Amino acid sequence: MQIEGAVHEDGRGPNNWDLFCQIQGNIQDGRTADIAADHYHYWKDDLELVHSLGVNAYRFSISWTRILPRGRFGEINSNGLMFYDKLIDSLVLKGIEPFVTLCHHEIPQELEDRYKSWLSPLIQDDFAFFAEICFKSFGDRVKYWVTINQPMLYTKFAYTMGTYPPGRCSTPFGNCSSGNSDTEPLIAIHNMILSHAKATEIYRNYYQPLQGGYIGVVVNAFMFEPYTNDEIGRDAAKRAMAFNLAWFLDPLIHGDYPAEMRHYLGGNLPTFSTGESNMMKDGLLDFIGVNHYSSFYAKDCIHSPCNPLESHPISGYVHFTAERDGILIGEKTVMPLLYVVPNGMEKIIEYLKTRYNNKPMFVTENGFPDGDVPIEQVNELLHDTKRVEFHKSYLASLARAIKDGADVRGYFVWSLMDNFEWTSGYSLRFGLHYVDFQTLKRTPKLSAKWYRNFLTNCTKIYQQNIRTGSSENNRQIMI
Ligand code: FCB
């Protein structure tokens, strides 16, 4: 949805963002994703851009309502299937591995209207139904599947703060017309975990044995450092990791929610039946997709006063801050949730490696935002030295984690080109390519050129190592 546009074309149905974007005040610049980067029409050119970078994998997301305009309650839209078919075929022809996300913040509006989407267990069947159509239609060529993108951050915005559709919350988190910030996020995540589980079981039983692919989930993974270097500080950081990361992964890998969550949320936290826990312990995850951008300090709110939002069970009694003793954790960017903290990459990978027994990982997103500027200043955006430095330093940190034994198998830049950045509209630009949203022209930024050179050099080193039999650095990763 962030790039496709063509929201009314070829039988695509309305999703949760279409209507939400029309309501004044929901999107920062008042714009919609109706056209976005018009990738639906420019996809061939866009794949040329992908190809010209020299990458060997491309991550994209399927728009649920392009395939099922009304979820399970209507027909399959063959035009939608055809669109992704062409895209996947072209990638494969170019030797680029498609890495496909099934649900990236988008759900059919029909499911919201019928049963409140993620708040109802009925969504598990809808999601499994949609996933199976994708496995059946594309699984001969798609070998990497992501079920859901960033469930926790999505849920936080949609059900705790009420800033993403369906815009539900309660005080003190926000002023929504309905919702319950204490309980609904927990129910939504529970349904997402079980939706992932159902889709994965189908894949494991009927598709994976024949198609031979892998299935995983993508989590938003901030790194939290203790604000104070004492027991209380370390506990706060542990709670922050549990409430923001392990919340989703622990059930899928260890069979239940983190103990800290159970302790502070009590009966509000849903439970898994023995059957469900056992099914999950069997490993309903082949890999962890890691979206890593930033680190924060976690400050304790049990023993010291915080604002009401953070002195709250659903927040794990933790306050996040980027500042300690007047010093920022890293350079500030135009996005409040993003500070440049390269060594956070190494630390988050290390955390996941330890907690999840070095399960294979892919860095599925990592990127740097610029603010939009008036057209006369576009040159500044094209000469994006800060983005280049960002990727260099985060990649170096990732390389250290890999040298230290972390099983990381790939790295994806966010993003190929500037796009619709959800509630920020077009005011933030993450692309390696600049998009003029008036003319839709794409222009490579300095970072695109740098990335191409970087990958060429990596390939050379890799081939040299293979020739000389050097054992160090000779595992080629998807990038
Ligand atoms: C992540 C989302 C992605 C994009 C980047 C900047 O949270 O997965 O869609 O918005 O942030």
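**Figure 1. Helix H7 and the elements around it.** The buried residues of H7 pack against helix H1 (16-22), strand S4 (144-149), H8, strand S5 (214-220) and H9, where helices (H or I, at least four residues) and strands (E, at least two) are DSSP runs, numbered from the N terminus. The model is a predicted one, in which local features need pLDDT of at least 70 and side-chain atom pairs count only at pLDDT 80 or more, while totals for chains, interfaces and linings use all residues. Residue numbers start from 1 along each chain as its sequence is written, and side-chain values rest on heavy atoms, with hydrogens and water left out. H7 is mostly covered, with 9 of its 10 residues buried; buried here means under 20% relative accessible area, exposed over 50%, and partly exposed in between (1.4 Å probe, protein chains only). The buried set consists of Pro151, Met152, Leu153, Tyr154, Thr155, Phe157, Ala158, Tyr159 and Thr160. After H7 comes glycine 162, which has a positive phi near 75°.

**Figure 2. Phenylalanine 135 in helix H6.** Phenylalanine 135 belongs to helix H6 (residues 122-138) and is buried, its relative accessible area being 0%. When neighbours within four places in sequence are set aside, phenylalanine 135 is in contact (heavy atoms within 4.5 Å) with Leu102, Trp145, Ala199, Tyr203, Tyr207, Gln211 and Ile215. The view also takes in tyrosine 206, which is 71 residues from phenylalanine 135 along the chain, with a C-alpha separation of 9.4 Å.

**Figure 3. The nonpolar cores.** A nonpolar core is a set of buried Ala, Val, Leu, Ile, Met, Phe, Trp, Tyr and Cys residues joined through side-chain atoms within 4.5 Å. The largest one holds 146 residues, and those with the most contacts inside it are Ile67, Trp118, Phe138, Trp145, Ile349 and Tyr451. Helix H9 (residues 231-254) contributes the largest share of this core, namely 12 residues. Apart from this core lies another, of 9 residues, which include Val218, Phe287, Phe362 and Phe412. In soluble globular proteins, nonpolar side chains tend to be buried together. Isoleucine 349, leaving aside its neighbours within four places in sequence, is in contact with Met361, Val363, Leu398, Ala401, Ala406 and Val408.

Figure 4. Most residues other than glycine have a negative phi, and most peptide bonds are trans. Serine 415 is placed in the loop between strand S16 (408-411) and strand S17 (428-429).

Figure 5. Although not a glycine, histidine 105 has a positive phi of about 70°, and its place is in the loop between strand S3 (97-103) and helix H5 (109-115). Histidine 105 counts as buried because its relative accessibility is 7%. Tryptophan 422, also not a glycine, has a positive phi of about 45° and is situated in the loop between S16 and S17. With a relative accessibility of 4%, tryptophan 422 therefore counts as buried.

**Figure 6. Histidine 8 ahead of helix H1.** Histidine 8 is found in the segment before H1 and is exposed, with a relative accessible area of 69%. Between histidine 8 and aspartate 34 there are 7.9 Å in space, C-alpha to C-alpha, and the two residues are 26 residues apart in sequence.

**Figure 7. The whole chain, as a setting for the close-up views.** The protein chain has 15 helices and 19 strands, and its C-alpha trace spans about 55 × 55 × 50 Å along the principal axes. Of the 479 residues, 59% are buried. Among contacts with a separation of 6 or more, 74% are between residues 24 or more positions apart. There are 45 positive and 55 negative side chains, and the centres of the two sets lie 4 Å apart; Lys and Arg count as positive and Asp and Glu as negative, with His and the chain ends not counted, and the place of a charge is taken as NZ of Lys, CZ of Arg, CG of Asp or CD of Glu.
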